[in-house]
Amino acid sequence: MQPDATPLLSVDNLEVHFPIRAGVLQRQVGAVKAVDGVSFSLNRGETLSLVGESGCGKSTTGLALMGLVKPTGGQVRFDGQEIKGFNRSALKSYRRRMQIVFQDPFSSLNPRQRVKDIIRAPLDVHRIGTRAERDDRVAELMQRVGLRPDQADNFAHQFSGGQRQRIGIARALALNPDVIVCDEPVSALDVSVQAQILNLLSDLQRDLGVSYLSISHDLGVVEFISHRVAVMYLGKIVEIAPKTKIFASPGHPYTELLMRSAPSRDPRKRHSFSATNDDIPSATRKPSGCPFNPRCPLATDICRRDEPALTPRDDGALVACHHR
């Protein structure tokens with residue numbers, strides 16, 4: 001399914017800073033800038049993947065959009081409306097339209113609840129339908145994600161990892177959301193099961209038109225599921241481009257480093273591009289200028305002095321680099 005070009009979700013200069021406190025009075029002495037001015041948009045029926053090294057801020061971005069982490073600054077617009085000004089009723093409606101599938105299918109499900117109660121919980125919270133209609137909806141969702149409805153009375157520990165993730169997906173689908181944040185949804189699963197879950201997500205998008213904000217460090221997963229890719233480094237987006245463009249001709253040096261670091265079956269392919277320094281700077285003391293400059297082989301004085309803006313290029317990509 002081709003995505004609609006109308007932005008459903010717009011994020012402008014999103015910031016999430018966690019205070020560092022010290023001393024007897026616990027005064028703030030610094031901050032971890034986990035997300036530091038992130039901007040992007042998500043179209044209807046589209047999959048946008050956030051990719052980057054561990055600790056770059058991609059999961060925190062997803063949690064902030066869900067309201068599970070409070071943003072420090074920035075704007076988030078959903079369907080043209082700024083969510084910061086939502087009253088209680090509007091916020092509840094927003095949460096119906098934004099759902100999340102967590103990374104760990106073992107800890108994200110309540111071990112004391114039966115599967116039918118887990119999947120039905122969003123319907124109960126939002127008081128949708130009668131009890132019989134909710135139970136029918138649970139059976140329908142289980143069938144849609146590849147589970148047998150007669151397993152509804154089982155507990156989570158009676159299912160495999162892949163089946164548990166299907167339960168999590170069914171729970172996310174219960175309210176017919178417009179957007180699902182997929183936070184590393186297959187990283188805890190075996191490779192063969194990963195393919196099944198990715199195929200399921202693709203089928204659901206084709207059938208339901210749902211949009212995905214996919215968070216992953218696995219470039220194979222990103223290449224399979226994405227329409228566009230946003231590359232994050234130290235809390236900032238350094239490149240956004242269509243999937244084919246990112247994998248064929250990355251624009252930012254950090255994106256190129258990621259692509260060339262991925263394992264290859266061809267022993268003749270060698271890494272002709274590498275970082276000058278493998279140490280990632282601390283999120284509490286970021287370098288001046290371009291955040292990637294201490295590791296970038298292309299870095300010059302302007303890179304150390306001025307931070308580049310995310311600038312449109314003729315090929316449709318947005319790249320934050322002085323030399324690309």
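Predicted model: local features only at pLDDT ≥ 70, side-chain atom pairs only at ≥ 80, totals over all residues.

Modeller: Residues are numbered from 1 along each chain as its sequence is written, and side-chain values use heavy atoms, with hydrogens and water left out.

Colleague: Why are H5 and H6 called roughly parallel to each other?

Modeller: Helix H5 (residues 161-173) and helix H6 (residues 191-208) pack at an angle of about 20 degrees, their axes being 10 Å apart. Helices (H or I, at least four residues) and strands (E, at least two) are DSSP runs, numbered from the N terminus. Axes are lines fitted to C-alpha atoms, for helices over the stretch in contact, and angles run from 0 to 180 degrees between N-to-C directions. Angles under 35 degrees count as roughly parallel, over 145 as roughly antiparallel, 65 to 115 as roughly perpendicular and the rest as oblique. H5 and H6 are therefore roughly parallel.

Colleague: Which residues of H5 and H6 make the contact?

Modeller: Contact means heavy atoms within 4.5 Å. H5 contributes Gly162, Gln165, Arg166, Ile169 and Leu173, while H6 contributes Val193, Gln196, Ile197, Leu200, Leu201, Leu204 and Leu208.

Colleague: What makes S2 and S5 edge strands?

Modeller: Two strands pair if DSSP finds at least two bridges between them. Four strands form an open sheet in the order S2-S1-S4-S5, with antiparallel pairing. Strand S2 (27-43) and strand S5 (81-82) each pair on one side only. Within this sheet, strand S1 (residues 7-22) and strand S4 (residues 73-78) are joined by five bridges, and Asp12 stands opposite Gln75 in S4.

Colleague: How do you know that S6 and S7 pair, and in which sense?

Modeller: S6 and strand S7 (residues 179-183) share four bridges in the parallel sense, against the required at least two. The bridge partner of Gln99 in S7 is Ile180. From strand S6 (residues 98-101), Met98 and Ile100 point one way and Gln99 and Val101 the other, and all are buried.

Colleague: What makes H1 mostly covered?

Modeller: Buried means under 20% relative accessible area, exposed over 50% and partly exposed in between (1.4 Å probe, protein chains only). Seven of the nine residues of H1 are buried, among them Thr60, Leu65 and Met66. Helix H1 (residues 58-66) lies across S1, S2 and S4, running at about 110 degrees to S1.
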